[in-house]
Amino acid sequence: MSDATITVPMEEEQEYVPGALLGRRQNVQDVPSALISMRNIWKTYVMGSEEVHALHGVSFDVQRGEYLAIIGPSGSGKSTLMNLIGCLDTPTQGEYWINGKVVSEMEDDELARIRNKEVGFVFQTFNLLARATSLHNVELPLIYAGMSSTERHEKAKQALASVELTDRMMHRPNELSGGQRQRVAIARALVNHPSILLADEPTGALDTATSYEIMNLFERLHAEGNTIIVVTHEHDIAERAHRVISIRDGQIEKDERIR
């Protein structure tokens, strides 16, 4: 395995300006070709009379088909960055593009549509409906998308088959192991064929053996062409990715390709 530091083309970091516009509309020729493009991203929280910069001057691109891990200690800003990538929040300043759309300027309704179409979420705690079957849990994003019942069932079955859970379609979460519950969550994330599979500490609630099974699944999904971003604090999990961005004190400390 060879280590090679990635040089990401970026604009010179700009000074943070309180109250600055979130971004500016760009000409068509300025639209980034990368699947994800972040430019001089700041996220600032007002705490009484003080401003806390959770992220400051973060810039990087993610190409289609990449397998990226974002790693950092508690308080590093990685969770804030994950929320921005997943369109769960917007930056205080800077530009964020996903699949040719400048999401840093979007309102809540637009962000919700982008989340449902472009991002498939995998959470540490699975976030499955306790009384719903695996099939129904996987169908949920398609219900929100307004898809017909027949088409939903077929797509959900295909997604469960892709994670090798065909024989657990009618089981409820309490009838599944931790690894099986996470596979259902991954199937749900994939069912809409999103641009990005975004996983937040996906092995945090699993034992070591099951964690490796889930990471093996991510490797297979990546080999099939999916773009995967894993956010973690565990180095052995991060090292399963092909590229690792290390975050510390709200800035990118290192960006390297490891395989």
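## Close-up views of a predicted model

View 1. Residues are numbered from 1 along each chain as its sequence is written, and side-chain values use heavy atoms, leaving out hydrogens and water. Seven helices and eleven strands make up the secondary structure listed for the protein chain (helices are DSSP runs of H or I with at least four residues, strands runs of E with at least two, numbered from the N terminus). Of its 259 residues, 51% count as buried (buried is under 20% relative accessible area, exposed over 50%, partly exposed in between, with a 1.4 Å probe and protein chains only).

View 2. Strand β9 spans residues 228-232 and includes T232. T232 counts as buried because its relative accessibility is 0%. Leaving aside residues up to four places away in sequence, T232 touches I70, I71, G72, K78, E201, I237 and A238 (a contact means heavy atoms within 4.5 Å). T232 and S79 are 153 residues apart in sequence, yet their C-alpha atoms are 9.1 Å apart.

**View 3. Helix α1 is mostly covered.** Six of the eight residues in α1 (residues 78-85) are buried, namely K78, T80, L81, M82, L84 and I85. Just after this helix comes C87, with a positive phi of about 60°. C87 sits in the loop between α1 and β5 (93-98), and it counts as buried because its relative accessibility is 1%.

**View 4. E164 also has a positive phi.** The phi of E164 is near 60°, a positive value in a residue other than glycine. Most residues other than glycine have a negative phi. Look for E164 in the loop between α4 (149-162) and α5 (178-190). E164 counts as exposed because its relative accessibility is 56%.

**View 5. D108 belongs to helix α2.** Helix α2 covers residues 108-118, D108 among them. D108 is exposed, with a relative accessible area of 63%.

Methods:
This is a predicted model: local features need pLDDT of at least 70, side-chain atom pairs count only at pLDDT 80 or more; totals for chains, interfaces and linings use all residues.
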